[in-house]
Structures are given as structure tokens and as C-alpha cells.
Amino acid sequence: MATEIKSKKLGWLNGVRARLLADNLPATLIAAALMGLFGALATVVFRELLGWMQMVLGGEDSPHGMVSLARGLDPWQRFLMPAVGGAIAGVILQMAARWLPRRGAADYMEAISIGRGVIGFRQTIARSLSSIFSIGSGASIGREGPMVQLAAMFSSLTGRFLLLPPRHLRLLVACGATAGITSAYNAPIAGALFISEIVYGVMSSATLVPLVVSSVVANIVTRQILHYDAVFHMPRFEFVSGWEVINYLGLGLIAGVAAPQFLRFLDMSRAAFSRLPFPLWIRMALGGLIVGGLSVINPEVWGNGYSVVNSMLHTQWAWQAVAAILLMKILATAASAGSGAVGGVFTPTLFVGAALGALYGSGLQAVFPAGDLSAVSSYAVVGMGALLAATTHAPLMSILMIFEMTLSYEVMLPLMLACITGYVIAHRIRPESVYAKSLANNRRAQQVMAKSPLNKSE
């Protein structure tokens, strides 16, 4: 009886595998939908674990996130907590590097673009655990990167269980990554385009259709079933007159010039920390100390900055306060990312773009009559998209992401102009995007590992 059940199970799996290998469209779309479901659930688990850690550290699950937690702590606690969390996160990464042999790609982008679609389970879990300690203790990085990595990893496991070849496995991993981005940002169209435009580098119906299906399912699960809210609560966008597009063109120019400098500063921070003659856990503790020291002055540097951006969009900030938090957030992000903390810079980029836009709008209102200009929040919204396009070199994805966040058609004209302008200027100054640099580093690391005697002996 057991043998018969096993043979039926293997026959069913072989049938599924055969349909996927034959590029059967219904089977492919069903698999994409399942990856959307698994990816959404993976991001939910990670988000809940972070919420649990916040509750343990702060005594209550505040709806305002890490900034609220930081404000509730004494100055000495704000100073030390990121360092302690960074040290623990670094120990986890060091232990994983020593005891867990690498299997497959280091991250989902490498697995999709230059890898075979294989993402190691134990390494991903270790990195996710490390990121929970880093992010949960105040590191100035985004939680979305680990979320997407987890979603992609479950898709990779599914494909490997079905013994899919690299081409089909990469598509399955791409569907999982799309689900993770969609669940994290509530942007189903931009989530699919992010993977297609940035990771694949080309858009075709063979890849875009499954990605869209996965994205839709993930959005339904997180929003309609689990009732997770949008990350940003956008105000009503104001577009006073047609001539104001000139102002948004200027904002795009500023974003195009600022983005390469922002990325260059992050690279300098990584290089500086890597030169320190200390083990990883000490370097991450030092990065945490920098964040902690900044948070003593301004607690808003903690976390990914969602609550601060929402505050900028809905309340009037003095330009001095915006400039101060912008500078401190850039320093805190460079310290966290440069020291080796596991997390993304996508959300900090949105933060920096919103602050740049708010400063630009405040400056225009100081020069021109307020009645002839849009609100400062409108410039902050467009600034988010412009800097995102300038750092990722993906203007279409950036335009659609901000549009999905605002659900406002009025934002499209200035947003399109600012995003394209920012992209063109940034690309001329720095041809490599933030993700192209990461993929190049991964490719070099992969070549070094391939040449190492240890790898050959295995």
C-alpha cells in the first residue's frame, strides 16, 4: 500500500514537472499563483517576527514602529541598543559563514540574473535571523530586502523539489521575489516590473505574465485577506498649473545629481568598514554605535523611516528639521549598510527622495507666492520617485510604484518628467545602478569561490 501511494505521488509530481518543462501556460500560471501565495505568507511571517521583537524590547506593539520605540527609551538605551543588536547579528552571520556551506546564490537577484535559481535554505534563514536582530534594534535599513529573499527562497525550494532545470527554476524564483516586493510595498504592477526591468533586464510576455499573476495573488493575500495596510499614506496630490512642470524638472535634475553621490557615499562606507582590522560582529557593533549616537540626538534615524516619511507628507516641517533628519538618515544608513547589516536600501532611498523633495518644495515656496505652487508634500512624493529612478536606473518601475502608492492621475505628468530626468542625469554621472553594483560584486565573489582550493576539493 505504501509503495502504491508513493508511486502515485511521484507520478503526480512528474506530471506537474512535465507540464512546466513543456512551458504549458496554464500550469505555469498556476505555479506562479502558488509562488505568490507562499511569498506573501513569507513576508507576513517576517513582519510579525519583527513586530514581536519590537514588543519584547518596547513593552508594547506600537503602531508607529521603530521610531516610536526609540522615543520611549532613555538616551543611553538608544545609544547602546543598535550596537548590541548589530553585534548579535554579526555573530550569527559569522557562525553561518563558518558552519553552513554555501549552496547556490547569495541573494535572489544573483539567483535570477546570473545564477541557476538555487537559493540556500539554511543560509537564507541565518541571514533573515541576523536581519531581525539588526532591524529590530534600530538599524537604518529596510526590512523589505530580507522579506523578498525569504519569498524567493521558498520558490527556489519548490522548484528544486520538482527538479526543475535552471531556466524554469529562475522563473519560479522570480515569481516569489515579485510576490515579496508586492507584499512589502503594496505595488503589484511595480513589483512585477521591478523584477522584469531590473533583474531580468528585459520585458517579455514569457516572463512578465507569470510575474503579474504572482503579484496579483500576493496583493490579494496581504491586502484583502490579511488586511495589511499600505506602507505610505499618500496625501492628495496637487498640480496647480501646467508651467509648474518646470519646477518638477528642476527636482529631477537635483535627484539625478544627488543619487550618484548617495550611492558613492554608501560605497565609501562599505569600503571603510571592510578595511577595519576587526571581525564582522565588531564592525556591525561599531555601525550600531554610530546609529545609536545619532539617535540620541534624533530618534527618527531608527528603522526604515516609514513613520517619518508619512509625517513629512501630512504635516508641515520646518526646512531646518528636514535638512537635519536628511543628513542624519544618510549617515545612519551608511553606517548600517556599510558595516554589513542585512537589509535593503530601497526604503531609505525613498526616505532621502522624500526629504529632498520637501526641501526643494520649501525653497520654492520661500521664493514664490504659496498660492502659485503645489504643496510641499507633492514635491516630496515626486522626489521619492525621482531619486528611486536615479538610483535603480528603472524609471518605468519608479513611475508606476509612486502612481500605485498615490492612486492619483495628477501625479503622472510631473512624476514622469522628474523620473526620466533623474534617470538620464544619474546614468551619465554613474552608469552603474545600485543593483548593478551589487550584482557585479556577487559575480566577482562567485568567481573567487570557484577558484578557491576549498571549493575544488568539495
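I call a residue buried under 20% relative accessible area, exposed over 50% and partly exposed in between, with a 1.4 Å probe and protein chains only. Cys 175 is buried because its relative accessibility is 2%. Cys 419 is also buried, because its relative accessibility is 0%.

I then looked for disulfides, taken as a pair of cysteine sulfur atoms within 2.5 Å. By this rule I count 0 disulfides.

This is a predicted model, in which local features need pLDDT of at least 70, side-chain atom pairs count only at pLDDT 80 or more, and totals for chains, interfaces and linings use all residues. Residues are numbered from 1 along each chain as its sequence is written, and side-chain values use heavy atoms, with hydrogens and water left out.

Next I checked pLDDT, the predictor's confidence in each residue, from 0 to 100. The protein averages 83, and 86% of the residues score at least 70.

Last, I looked at two helices (DSSP runs of H or I, at least four residues, numbered from the N terminus). How do H11 and H15 cross? The axes, lines fitted to C-alpha atoms over the stretch in contact, of H11 (residues 245-274) and H15 (residues 346-367) come within 11 Å and cross at roughly 140°. H11 is therefore oblique to H15; angles run from 0 to 180 degrees between N-to-C directions, with under 35 roughly parallel, over 145 roughly antiparallel, 65 to 115 roughly perpendicular and the rest oblique. Residues in contact include Leu 251 and Phe 262 in H11, and Leu 356 and Tyr 360 in H15.

Methods. Contact means heavy atoms within 4.5 Å.
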